[in-house]
Structures are given as C-alpha cells and as structure tokens.
Amino acid sequence: MNDKQHTVKAPVTVRGIGLHTGAEATMTFCPAPVGHGYKFQRVDLPGEPIVDADVDNVVDLSRGTTIEQNGARVNTVEHTLAALVGLQLDNVLIKLSGPEPPIMDGSSYEFIKALHTVGFEEQNALRNYYVIPDTIRYVDNARGVELAALPLSDYRLTVMVDYNSPVLGSQHATLTDINQFEAEIASSRTFCFLHELEYLYKSNLIKGGDLSNAIVVVDRAVGEDELDELAAMLGKPKVSVKKEGILNNVDLRHKNEPARHKLLDIVGDLALVGRPLKGQILAARPGHAANVAFAKRIKKKMLEDRTSAVPVYDPSREPVMDINRIMQVLPHRYPFLLLDKVIHLDSQMVTAVKNITMNEPFFQGHFPGNPVMPGVLQIEAMAQTGGILVMNTVPDPENYWQYFLGIENARFRKKVLPGDTVVFHCVLTAPIKRGIAKMKGQAFVNGKVVCDAEMSAAIVRKDNV
C-alpha cells in the first residue's frame with residue numbers, strides 16, 4: 001500500500017446518464033491539495049455547493065448511496081468512490097453537472113480508465129490510515145446481514161452472498177490486496193433480479209438503467225408475453241433470456257460478478273469513513289444500508305481513538321516534514337527550534353518528534369548532575385508542533401507570524417531525560433476563527449504521557465504587525 005497521499009495530475013472528464021435519475025451529466029475529477037479528501041461539487045447549482053463524501057451526509061439508500069450537504073444532493077456515489085479508493089487516490093474534487101454520476105457500464109472500470117489517462121501525483125504528506133484497533137461489528141439478524149472489521153496491517157475484503165436463487169446460488173469474492181482492485185473488481189457491474197425490475201421502474205428508480213450497464217438475473221420461468229412487456233419497459237425491440245439466467249444474452253465478466261460487485265460497493269461505501277483503512281473486512285449478505293451503518297460504526301470508533309490513542313512512531317517511515325521543511329514554516333532557530341521532524345499532518349491534528357540528547361544546550365544548566373528537560377521547553381516544543389498545524393491552514397505560511405496566546409491545565413507527569421524520543425501530538429478542539437486556534441497537546445515517551453496542556457495561538461499576517 002502507498003504511504004504518500006496522491007491526487008490526479010490534471011482534470012479529466014467522463015460523460016453519461018445517471019442510473020436512477022436518468023439525467024445526463026459530465027463529471028470531472030480535479031486535483032486537490034493534501035488533506036482535501038473526496039468532495040463532490042454540483043457545478044449546475046447556484047453557488048456551486050460542495051458535498052463532502054462523508055457517511056454523516058448520507059440521506060438516502062434506495063438502491064444506492066446518496067449524500068447531501070449545503071442544499072445539494074449527489075446520488076449513487078459508491079462506484080465513483082470505489083474507483084478512487086481502488087487507485088489509492090486521497091485528494092480529489094469531483095465536479096458534477098447533474099444530480100448523479102454517470103453510470104457508464106455499471107462498474108468502476110470507465111472511471112479508472114479515464115483517471116489513468118492523466119496520471120497521478122504524489123503529494124508531500126503521509127496517508128492518514130485508520131488502522132482497525134479491534135473488532136468492529138454490525139449485525140442485522142432480521143436480514144441475515146453481518147459485517148465485521150478486524151485488525152490487519154493491510155486492507156483486505158471478503159464478501160459472501162446468498163440470494164436463494166437457482167441462478168446465482170451462493171457466491172463469494174475476495175480482495176487480498178487493494179492493488180488488485182483494478183484488475184479483479186473494478187469491471188464488475190451492478191445487477192438486480194427480474195422480480196425487482198418492475199418495482200424499481202414503478203418507484204421512479206433506474207431511469208438510466210439499460211441492459212448495457214446492468215445485469216438482470218432471471219430467476220424464474222418467463223413467457224414470451226412478459227418478455228415483450230420487458231422489452232417495451234426497457235425501450236428495446238426484443239429481449240431474451242440466456243440459458244444461464246441472464247437477460248438479453250449479456251455475458252458475465254466473472255462467474256461471481258455479482259459478488260465482486262457487492263465487494264466494489266463496500267469499497268465505495270466505506271470510503272465515506274473519510275480515511276483509508278487498514279483492516280480485514282468480512283461481509284455476509286451486505287447492502288448499502290448495512291454498509292453505511294457499518295461505516296458509521298467505524299467512523300465513531302475512529303473519532304474516539306483520535307482523541308485517546310497514542311501516536312504510532314515508525315522511524316523507518318519517511319516523515320511528512322524533515323528539519324529543512326520545518327524551518328521553512330517555523331521562524332525558530334537554534335537553540336530554540338525544538339522539533340526534528342513531523343510524522344503526521346492533516347487539517348485537524350499534527351504529530352512531531354524530538355530526539356533528546358545529552359548535547360541539548362539546556363542541559364548545561366538544568367541540571368548538570370541530573371539532566372532533565374525543562375517543563376517550559378516541553379510546552380514550547382508542543383506549541384511549535386501546534387504552530388505547524390496552524391500554519392498548515394494558510395496558503396502562504398511564510399507571510400505569517402504565529403504567537404502563543406495562552407495555556408491552561410498544563411501537567412507534567414514524567415521526567416524527560418537524555419536518550420528519550422518525545423512524540424508531540426496536537427489536535428484542534430474548535431474550528432480556527434479570526435486567526436485564533438485552540439488545541440489540546442500531549443507529549444509521549446515510550447507510549448506514556450509525559451505532559452499535556454490546552455493551548456491557544458494566533459496567526460497574524462506579517463504586514464499587519
């Protein structure tokens with residue numbers, strides 16, 4: 001799996017009709033900055049409102065996943081999001097000229113094909129993985145549905161489906177490496193059963209459905225009269241049934257294409273958690289409603305862990321910012337620059353590292369016979385870490401000063417000694433307003449908190465000082 005965040009090198013556009021709305025639309029994948037994530041923009045609406053691809057924005061699950069925000073709605077987002085996850089893209093703005101992404105061939109393949117034409121750009125930030133810490137489970141006994149996420153250092157998915165159908169029977173699909181998504185999963189098309197087809201049309205759904213972008217499974221005997229009615233409904237001169245039970249002689253791309261498409265849907269729906277995942281996903285009889293309920297449980301656990309988990313420091317991983325990049329953002333210099341590298345940075349939190357050696361200048365006087373890092377310098381290092389976070393919110397940090405405004409509830413819990421590696425972690429506790437940032441900071445040594453505090457800081461343009 002990639003460690004660095006990625007976006008697209010240039011905008012790329014696809015065109016077509018939406019599966020359920022039948023509305024024509026163009027959809028353009030655009031480059032986006034570090035930490036942007038996936039966002040849709042309804043460019044056909046006044047003000048061109050943005051809709052975050054977030055599970056909390058899900059408003060409808062009628063045969064697809066629909067999100068809404070800022071008065072704008074986007075239908076059937078799962079195939080689009082699955083393509084982005086499958087390509088391990090992190091930051092993309094998706095400009096959409098209608099209410100629904102084009103259905104294309106009913107899979108994610110055409111999106112992936114288009115994205116490859118412009119290529120991908122590595123960004124100077126590590127991917128913000130959420131590593132499943134322990135089992136997270138969703139069960140719907142009434143529907144026989146169960147989904148579980150288990151700890152794993154990779155992203156793997158297994159899906160099992162059983163429709164009590166003589167045509168499909170029991171199927172399963174597995175993805176053991178997200179790098180296999182493009183070749184093994186992306187081309188699997190959406191499907192429905194014949195008995196669902198008429199209901200979907202009467203429910204004003206699948207207006208853009210066509211035998212070229214969806215598989216219709218015929219799981220019962222069908223007479224010529226009914227086939228003629230189906231042909232009229234679908235706007236076709238004639239439809240027929242293949243002996244395998246697929247309408248209109250459509251050839252399956254995989255024997256277990258329906259199960260693979262269910263896996264594709266899960267990949268897309270779990271993108272709404274907002275971070276790339278590391279874990280083993282097991283799903284029995286999944287659907288969009290269960291996927292979204294499951295995603296909400298994962299996000300809830302993720303947010304709980306965000307404020308309580310000990311940051312993981314792996315010295316072998318390339319940092320987000322080395323000392324040279326830090327000095328481009330912070331004005332501090334020796335002997336007052338107290339950070340060595342930044343190992344995580346996003347819009348809400350930052351993690352930095354300081355290696356304490358006996359050569360620190362403050363050990364000359366604090367205390368020569370019993371060297372202990374001064375508590376005020378621990379707070380200063382924490383404030384510098386928070387300064388990195390605050391400066392990350394402005395487009396031109398070199399034009400700003402940052403000032404430490406206040407500190408509350410500071411506690412020093414353990415001594416910091418030569419040889420220690422201190423991991424500083426700061427999280428915003430409120431949105432930044434009028435240049436004022438409020439955050440909670442913690443410092444860890446060997447996984448134990450050595451100090452913590454609540455801090456506030458201001459960012460001021462240099463030409464206003």
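**Conventions.** I count two strands as paired if DSSP finds at least two bridges between them. Helices (H or I, at least four residues) and strands (E, at least two) are DSSP runs, numbered from the N terminus. The model is predicted, so I take local features only at pLDDT of at least 70 and side-chain atom pairs only at pLDDT 80 or more, while totals for chains, interfaces and linings use all residues. Residues are numbered from 1 along each chain as its sequence is written, and side-chain values use heavy atoms, with hydrogens and water left out.

**Entry 1, the sheet.** I looked up the pairing of strand E23 (residues 436–445) with strand E24 (residues 448–461): they run antiparallel and are joined by ten bridges. Lys-440 has Glu-454 of E24 opposite. I then traced the whole open sheet, which has six strands in the order E19-E20-E22-E23-E24-E21, with antiparallel pairing. Strands E19 (341–345) and E21 (400–412) are at the edges with a single partner strand each, so one side of each has no neighbour in the sheet. From one strand to the next, the twist averages 25°. Helix H9 (residues 375–391) packs on the sheet and touches E19, E20, E21, E22, E23 and E24. For contact I use heavy atoms within 4.5 Å. The direction of H9 makes about 135° with that of E21; axes are lines fitted to C-alpha atoms, for helices over the stretch in contact, and angles run from 0 to 180 degrees between N-to-C directions.

I found Lys-354 in strand E20. Its relative accessible area is 6%, so it is buried (under 20% relative accessible area; exposed is over 50%, partly exposed in between; 1.4 Å probe, protein chains only). The side chain of Lys-354 makes a polar contact with that of Glu-360 at 3.3 Å. A polar contact is a pair of N or O atoms within 3.5 Å; within protein, one must be able to donate a hydrogen and the other to accept it, and residues adjacent in sequence count only if both atoms are side-chain atoms. Beyond four places in sequence, the contacts of Lys-354 include Leu-338, Asp-420 and Phe-424.

How many residues of helix H1 (residues 78–86) are buried? Nine of the nine are, so the rest of the structure largely encloses H1. Among them are Glu-78, His-79 and Gly-86. Just after H1, Gln-88 has a positive phi of about 55°.

His-261 is buried at 1% relative accessibility, and Asp-265 is buried at 5%. The side chain of His-261 reaches the backbone nitrogen of Thr-190 at 3.3 Å. The side chains of Asp-265 and His-79 make a polar contact at 3.5 Å.
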